[in-house]
Amino acid sequence: MELFLNQLLAGLATGGIYAAIALAIVMIYQAIDHLNFAQGEMAMFSTFIAWQLLQWGVPYWATFFLTIAVSFVGGIAIERIVFKPLKNAPVLSHIVVFIALFSVFNSLAGFIWDYSIKSFPSPFGGLHQVGMIAVTLLLLVGLYVFFQYTRIGLAMRAAAANPESARLVGVRVGWMVALGWGMAAAIGAVAGMMIAPVVFLEPNMMLSILLYGFAGAVVGGLTSPGGAVVGGFSVGILENLAGTYVPYVGSELKLTIALVLIVAVLVVKPSGLFGRRAVVRV
Amino acid sequence: MTTLLEAKNVAAFYGATKALHGVDLTLEEGSITTLLGANGAGKTTTLRALCGLIRTEGEIRFAGTRIDGRVTEDIVRLGIAHVPEGRGTFVRLTVEENLQLGAMTRRNRAEIAADIERVYEHFPRLKERRKQQAGTLSGGEQQMLAVGRALMLRPRLMLLDEPSFGLAPLVVQELFEILRTVNRESGVSLLLVEQNADLALEAADRAYLIETGRIVMAGSAAELRADEGVRRAYLGY
Amino acid sequence: MRRTALLLAALAVALALPLFLKNFTLFQLTLVMVYAVAILGLNLLTGFNGQFSLGHSAFYAIGAYTAAILMDKFDLPYPLTLPAAGAACLVVGFLFGLPALRLEGLYLALATFALAVATPQILKFSAFEDLTGGVQGITILKPDAPFGLPLSQDQWLYYFTLAVSIVMFWAASNLVSSRTGRALMAIRDNPLAARSMGVDTALYKSLAFGVSALYTGVAGALGAIVIQFVAPDSFTFFLAVSFFVGLVVGGVGWIPGALFGGLFILFVPNWAEHISKGLAWAVYGIILILLIYIMPSGAAGFVRAVTAKLQRRAS
Ligand SMILES: Nc1ncnc2c1ncn2[C@@H]1O[C@H](COP(=O)(O)OP(=O)(O)OP(=O)(O)O)[C@@H](O)[C@H]1O
Ligand SMILES: [Mg+2]
């Protein structure tokens with residue numbers, strides 16, 4: 001029983017990681033109707049920027065907010081420079097561009113900061129896991145308020161759901177998409193800075209985390225930030241419990257478990273546990 | 001009377017195919033104008049061209065300024081509200097959020113709230129369903145919502161693409177009554193595309209007839225109604 | 001008529017190449033054909049049936065491992081491993097296609113992406129180590145040219161791969177223009193209409209997955225023979241992503257596009273490395289973005305635009 005509780009707690013802690021990245025995934029999905037496969041690498045890159053600032057002696061919280069700001073602007077810049085000119089290109093070409101961004105960020109980070117493992121400080125000291133979960137929940141509440149109660153949040157939802165109608169009421173759809181990119185990059189930066197103290201910082205840190213994050217987002221239904229957080233936590237708990245209780249498969253085939261989970265949820269409930277029936281535009 | 005909107009020799013394109021071949025239109029401030037034509041004649045295309053949703057050539061002026069080539073978002077800000085074919089409902093948002101969106105270009109919150117109440121007065125059915133997802137409204141209710149959303153802009157000109165589509169005859173009468181009231185009391189000009197030519201000609205001051213992307217007749221509503229050809233082809237008597 | 005002439009000319013060039021090229025270049029071209037067959041498989045699924053996959057490295061791996069194990073453990077002659085690998089992948093692909101039926105667009109991309117990421121782990125799994133060689137993988141011998149033909153090993157493998165590729169491309173273009181192919185495309189364009197016309201969409205979609213996996217599996221087996229080695233880390237999701245890139249760069253729904261895709265994913269990373277060693281993948285990414293910028297629909301769109309222009313000039 002104690003083992004079970006311990007694993008449950010450990011699961012909640014890793015789940016916090018996945019929840020944070022799942023939140024960023026849902027965010028971008030809301031804004032652009034796509035999954036961004038470069039999301040993890042963007043978060044990793046932001047975290048390296050934070051690490052660099054800390055190395056230069058900038059205090060933690062200043063670094064934290066500066067990194068968020070830089071990432072936000074960077075996300076907007078990526079949309080304006082790379083994706084805006086491609087808005088009439090086929091969907092598959094967009095995915096290729098995500099892949100291209102993935103390799104650019106991964107390679108750049110390795111080039112600038114090399115591939116050695118770096119430790120990253122936590123502002124919460126020994127209580128990092130608790131702090132991380134709190135930050136995730138705070139983000140969630142913030143997003144909820146933003147989308148439900150602000151005009152610009154409403155405009156973003158409208159732009160994603162029905163771009164043409166949105167333009168007809170005067171919403172600047174292009175900028176809403178850019179804003180979505182900026183916000184997703186900023187949330188990714190927060191997630192990265194929360195994750196790095198746990199898994200260490202290196203250019204390839206995000207790949208499997210991204211997969212779990214996708215799993216969490218999908219379990220939660222891709223359209224619901226709350227669902228993404230719940231989904232992220234469930235994936236973390238499940239991963240830990242499976243690692244403990246499913247003899248030797250659990251530890252070696254962790255990723256495979258995530259795979260089975262994704263496929264199982266999708267097959268049973270294609271719109272996820274909390275999602276509305278997705279209208280897939282392909 | 002002053003001219004509110006003037007289109008000169010406007011062509012419009014879907015990709016490489018030309019769908020309008022030189023359309024001329026003049027709308028007077030405060031008037032109701034109707035655009036009639038058979039299926040596929042280019043009515044929807046004309047409205048889309050006027051608010052910059054498709055690529056155009058030629059000159060379009062609204063209240064004196066050139067609007068051709070400008071993006072839809074800017075044209076809307078000048079005061080042109082479009083009730084699109086197919087209603088353009090934001091199905092996942094609530095009825096009230098849909099109305100809020102209609103006022104996206106405006107700042108004054110108190111006025112917006114008052115205007116939402118006005119729309120609810122026109123369409124009490126929408127008030128009952130204000131917190132409901134708009135996608136769950138009936139077709140007719142969504143049509144009312146589309147008109148309500150357009151009113152929320154406080155437009156100078158409304159482009160209406162078959163507003164009576166899918167409405168019961170009684171509701172159509174009601175809707176046209178509301179449109180006439182808006183026109184009379186707030187001086188909003190209307191450009192009305194209708195399948196129901198009888199109804200449209202009755203409401204309108206002026207009328208245009210479009211065939212395969214060209215304006216083939218223009219005149220007062222009474223003149224068009226008196227025309228033998230129009231009577232036979234569009235009024236059916 | 002013009003098309004036949006073009007094909008014959010290409011064939012003549014392909015047959016003559018080994019006389020002029022170094023063994024290493026030949027080896028690279030052989031790999032290009034292997035990748036082209038794999039991309040062709042992906043194209044059948046995505047281009048002609050409208051289903052995404054970011055997980056075709058899994059089928060490629062299954063094909064490669066089937067060939068390697070059959071040669072290593074059961075001494076099967078290498079040409080026979082190709083049909084075996086194809087059959088294995090047909091079955092696995094069909095089975096994966098069944099749950100995939102419920103998934104559309106991005107959701108399918110996600111499920112297959114997960115498959116790709118999980119593949120190396122499954123291959124390393126200790127319970128299968130006796131068969132798969134675990135992390136070490138399996139080394140196999142390079143075949144000599146048969147019947148005492150005066151060809152180097154690389155030259156022979158080039159011709160062997162060329163022959164297999166021709167058969168695969170020929171079969172694919174026949175499949176696409178057959179009744180089955182039309183059904184696949186009808187499902188891609190409008191699933192509801194296809195169903196109402198009496199097309200068994202579930203069956204055809206799973207079948208498309210199976211056939212697509214078969215192609216990629218055969219390519220995997222060929223790849224194993226050509227490279228003489230299989231190991232889990234050669235089949236990471238990166239390979240799946242490369243196939244996907246090859247598909248889009250070549251042109252979705254255009255059969256010859258697979259060749260352009262194969263050329264791209266083999267040679268462009270090398271060029272990128274030439275330009276900057278440390279930033280090779282960043283350079284690759286930028287080349288890719290620029291390419292999509294210039295040709296949003298890949299080589300297919302480019303070729304189409306050029307031929308349209310030529311025809312307009314001719315008329
Ligand atoms: N998205 C599009 N792409 C290409 N052609 C189009 C498109 N929309 C309309 N067209 C063509 O433009 C012409 C005019 O169409 P439009 O929709 O303006 O007709 P309409 O007068 O509104 O007809 P209806 O009464 O049926 O609504 C038609 O020939 C139509 O085929
Ligand atoms: Mg129309």
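A salt bridge is a side-chain nitrogen of Lys or Arg within 4 Å of a carboxyl oxygen of Asp or Glu. Between chain A and chain C, the count of such bridges is zero.

This is a predicted model, in which local features need pLDDT of at least 70, side-chain atom pairs count only at pLDDT 80 or more, and totals for chains, interfaces and linings use all residues. Residues are numbered from 1 along each chain as its sequence is written, chains are lettered from A and ligands numbered from 1 in the order in which they are written, and side-chain values use heavy atoms, with hydrogens and water left out.

| Feature of chain A with chain C | Value |
|---|---|
| Residues in contact | 48 of chain A, 42 of chain C |
| Area buried | about 4100 Å² |
| Share from carbon and sulfur atoms | 82% |

Now to the metal. Donors are N, O and S atoms within 2.8 Å of the metal (3.2 Å for Na, K and Ca); water is not among the atoms, so sites may look incomplete. Thr44(B) (OG1) and Glu85(B) (OE) coordinate the magnesium ion (ligand 2) at 1.9 to 2.4 Å. These two residues lie 41 residues apart, with Thr44(B) in helix 1 (residues 43-50) of chain B and Glu85(B) in the loop between strand 6 (80-83) and helix 3 (95-102) of chain B. Helices (H or I, at least four residues) and strands (E, at least two) are DSSP runs, numbered from the N terminus. Glu85(B) has a relative accessible area of 46% and is therefore partly exposed, a class between buried (under 20%) and exposed (over 50%), with a 1.4 Å probe and protein chains only.

Conventions:
Contact means heavy atoms within 4.5 Å. Buried area is the accessible area (1.4 Å probe) that two parts lose on being put together, summed over both.
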